[in-house]
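Biologist: Please take me through one part of this model closely. I would like the salt bridges and the helix they lead to, in one connected account.

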Amino acid sequence: MASYGRWLEYYSRTVRESRRDQRSACSPRVPFVTLAEDFKGSHNHQRKISQLGQHYAWLRRIRGDGNCFYRAAGWAWLELHVVKRCVPALPQAWNVDLHSSELAESFQTVTDCCRDGDQARLSELMLGDAECDALVVVFVRRLVAEFAVERGEDQLPTGASLRELVSCLGFQAP
């Protein structure tokens, strides 16, 4: 989909932006009921929060910087793998990319946490490691882009082509 160099460039930019932003990428786990406190004045939100609270005991607040969806999805996915004590399966074509010198250390750290079931270490990474945070954001962004293009889901709600958008961003669409 995209040249490896373009993904590395995006990764480097994401690391720099993450380091400049002094807020943590995610919060530690907080009880789910804290969400109800944030929406005291809204009966509709209170009803929905109550329904969700029947299924979830805690949540993490995610830094809202334009990458919040990718960050939330990526870290939650990794937490699931830590619980299962298994390394996430990745697209075969990414093996060379993820073992390159720039990504290798962060990738190895994250996969070690998953394999070893080390929730404490993964939490540390989530709270303050700019490189691992950028790796997660770029990984999920790349996964979503490749999935959409490979599935032929090429039409955006605006009518533009996903392939055109990807090309405008400087990436090569298949």
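Modeller: This is a predicted model. Start with R61 and D38. They form a salt bridge, with the closest N and O atoms 2.7 Å apart. The pair links distant parts of the chain: R61 sits in the loop between β2 (58-59) and α4, while D38 belongs to helix α2 (residues 33-38), 23 residues apart. R61 is partly exposed, at a relative accessible area of 36%. D38 is partly exposed too, at 44%.

Next comes R60. Its salt bridge is with E79, and the closest N and O atoms are 2.7 Å apart. Here too distant parts of the chain are linked: R60 lies in the loop between β2 and α4, E79 in helix α4, and 19 residues separate them. Both E79 and R60 are buried.

E79 has another partner. The side chains of R29 and E79 meet in a salt bridge, at 3.9 Å from N to O. R29 lies in the loop between α1 (4-20) and β1 (30-31) and E79 in helix α4, so this pair ties together parts that are 50 residues apart in sequence. R29 is partly exposed, with a relative accessible area of 43%. E79 has a relative accessible area of 9%, which is under 20%, so E79 counts as buried.

Salt bridges also form a network, linking R63, D65, R71 and D133. The structure holds 10 salt bridges.

Now the helix itself. α4 covers residues 68-84, which makes 17 residues. At 1.5 Å a residue, α4 should span 24 Å, and its end C-alpha atoms are 24 Å apart, so the two agree. Buried in α4 are Y70, R71, G74, W75, L78, E79, H81 and V82. Seen down the axis of α4, these buried residues fall within an arc of 160 degrees, so they line one face of the helix.

Take V83. Its relative accessibility is 64%, which is over 50%, so V83 counts as exposed. After α4 comes R85, whose phi is positive, near 55 degrees.

How values were computed
Residues are numbered from 1 along each chain as its sequence is written. This is a predicted model: local features need pLDDT of at least 70, side-chain atom pairs count only at pLDDT 80 or more; totals for chains, interfaces and linings use all residues. Side-chain values use heavy atoms; hydrogens and water are left out. Helices (H or I, at least four residues) and strands (E, at least two) are DSSP runs, numbered from the N terminus. The expected span of a helix is 1.5 Å times one less than its number of residues. Buried means under 20% relative accessible area, exposed over 50%, partly exposed in between (1.4 Å probe, protein chains only). The arc is that of the directions from the helix axis to the C-beta atoms. A salt bridge is a side-chain nitrogen of Lys or Arg within 4 Å of a carboxyl oxygen of Asp or Glu.
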